[in-house]
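Student: I'd like to learn how to read a structure like this one, feature by feature. Can you show me?

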Amino acid sequence: MKRLFPILSGLTAILLAYALYLALVVAPTDAQQGEVYRIIYYHVPSAWTAFLLFFINFIASIQYLVSKKASTQAAAKWVVLGIGVVGAVACLLPQVQTLLPAGMRPSAVATTVLLIPLFYFLIGWLFPGDRLDVLAVTTAEVGVVFCTIVLVTGPIWARPVWGIWWAPGDIRLTSTLVLWLIYVSYLVLRRFSNSAQTQMLAAALAVFGALDVPLVYFSIWFFRTQHPQPVIGGGGSMDPRMLHVLLISWMAFLCFAFLVCWSRFRLELLHREVEDAHALESLAGEGVAAKTSLPLNRSPR
Amino acid sequence: MNAIKFLFAAYIATWVIHGVYLGSLVRRFGRLRRELKEVGKGK
C-alpha cells in the first residue's frame, strides 16, 4: 500500500503531462476563438471533477445521516433503488423524452440517474460507519479546490471571448458561485464548530448544497445565459479530436483528484487520531487529579 | 498573441491553486505528526 501511492503519483504526473501536451500542441485550433479556447481542457475537466466530488459528498452525507437509525437506513436503500430504476425506465418513455429540453440526450439522463444507486451502495460498502463522514469532508474540500479553479479560469477565458470578466446576473455563473459559497460555508462550519452535532449539521447542509449542482448543470437549458452549451449529453457540438483531448484531460484530472482525496482522507484520519489521543491524555490527567485529590476530599475519620 | 496570455494565465492559475492546496496538506500532515509525537511522549 505504501508503494502504491508513489507509483500512482508517477503515473498521474505522466498522464497530466501527456494531457498538457495534447491540449497545447495536438488539439486543433478553434476557428472562432483561436488558441484561447484551449482553456477548455482545464476549465471543463475541473468543473466535471468538482461536480463528481460534490455528488460523492452528497451520497456520503445521506448515508451518514441515515446510518444513525437502522429502519431509516433500510428505507433509504429502497428509495434510492426506486429512484434509479424508475428514473432510468422513465427516460426510455417517449412521453418523458418530450419533456426533456432540446439537445439533452435521454441516454445521458438515464446514465446519470443510474449512477445514484450505484454510488450509494458502493460508497456505503467501501466506507462504513464514521468513514462516511471522513469521505464527506474530504470530497467537499477537494471539490472546493476544483470549483475555485472553475471560477478562476472561467473569467480568464471570458475576458478575451466575451469582452468581460464576469456576466453579472448570468444564472450559470451565479449558481456556480453560490455552489462554491455553500461548500465553503460547509468547510467553515466543520472547522469552527465544536458541537457534538457538527457532523450531522454539516451532512444536512451538504444535502441541501448538492441540490445546487443540477441547477448549475441544467441552467444552460432552462435560462438565458452567455455560457455555451455542454459538450457531452447536451446540445453543443465539438470536433472529435478536441473531444478526445478533453476526455484524456478529464481522466488525468480525475486521477489527480483521486490521489489528492486519498491524501486528504489520510490527513482526516490522522487528525481524528490526534484528537482521540488528546482526549485520552486529558482523561488520564483528570484520572491522576482525581486520585491525588481523593484523600483531600475524604472526610476526616 | 494577446489571447495567448489569457491561456497561459489560466493554466498557471490552475497549478498555483493546486500547488497552494497541496502545500497546505503537507503542512497540516507535518503539524499533526508532530502533535501526535508530543502526545505520545506525554504518556
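Student: What order do the elements of chain A run in, from the N terminus on?

Tutor: Helices (H or I, at least four residues) and strands (E, at least two) are DSSP runs, numbered from the N terminus. In chain A the order is α-α-α-α-α-α-α-α-α-α, that is, 10 helices and zero strands. Keep in mind that this is a predicted model: local features need pLDDT of at least 70, side-chain atom pairs count only at pLDDT 80 or more, and totals for chains, interfaces and linings use all residues. Residues are numbered from 1 along each chain as its sequence is written, chains are lettered from A and ligands numbered from 1 in the order in which they are written, and side-chain values use heavy atoms, with hydrogens and water left out.

Student: How do I check the length of a helix, say α7 of chain A?

Tutor: Take 1.5 Å times one less than its number of residues. Helix α7(A), residues 171-192, has 22 residues and should span 32 Å; its end C-alpha atoms are 31 Å apart, so the two agree.

Student: Which residues of α7(A) are buried?

Tutor: Buried means under 20% relative accessible area, exposed over 50%, partly exposed in between (1.4 Å probe, protein chains only). In α7(A) the buried ones include L179(A), Y183(A) and R190(A). For chain A as a whole, 43% of the 301 residues count as buried.

Student: And which residues touch the most other members of the largest nonpolar core?

Tutor: A nonpolar core is a set of buried Ala, Val, Leu, Ile, Met, Phe, Trp, Tyr and Cys residues joined through side-chain atoms within 4.5 Å. The largest one here has 80 residues, and I40(A), Y41(A), F54(A), I123(A), F146(A), L179(A) and Y183(A) touch the most other members. Helix α2(A), residues 40-66, gives the most to this core, 15 residues. A second, separate core has seven residues, among them M104(A) and W221(A).

Student: What does Y183(A) touch?

Tutor: Contact means heavy atoms within 4.5 Å. Leaving aside residues up to four places away in sequence, Y183(A) touches F54(A), N57(A), A140(A), V144(A), A206(A), G209(A) and A210(A).

Student: How much area do chain B and chain A bury between them?

Tutor: Buried area is the accessible area (1.4 Å probe) that two parts lose on being put together, summed over both. Here the two chains bury about 2,800 Å², 82% of it on carbon and sulfur atoms. On the chain B side, F6(B), Y11(B) and Y21(B) lose the most area to chain A, together 23% of what that side buries. The contact takes 24 residues from chain B and 36 residues from chain A.

Student: How many salt bridges cross that interface?

Tutor: A salt bridge is a side-chain nitrogen of Lys or Arg within 4 Å of a carboxyl oxygen of Asp or Glu. The rule finds one across the interface of chain B and chain A: E141(A) pairs with R28(B), the closest N and O atoms being 2.7 Å apart.

Student: Which residues are linked in a network of salt bridges?

Tutor: D133(A), E141(A), R190(A), R264(A), E268(A), R272(A) and R28(B) are. E268(A) counts as buried because its relative accessible area is 9%, and R264(A) does so at 5%.
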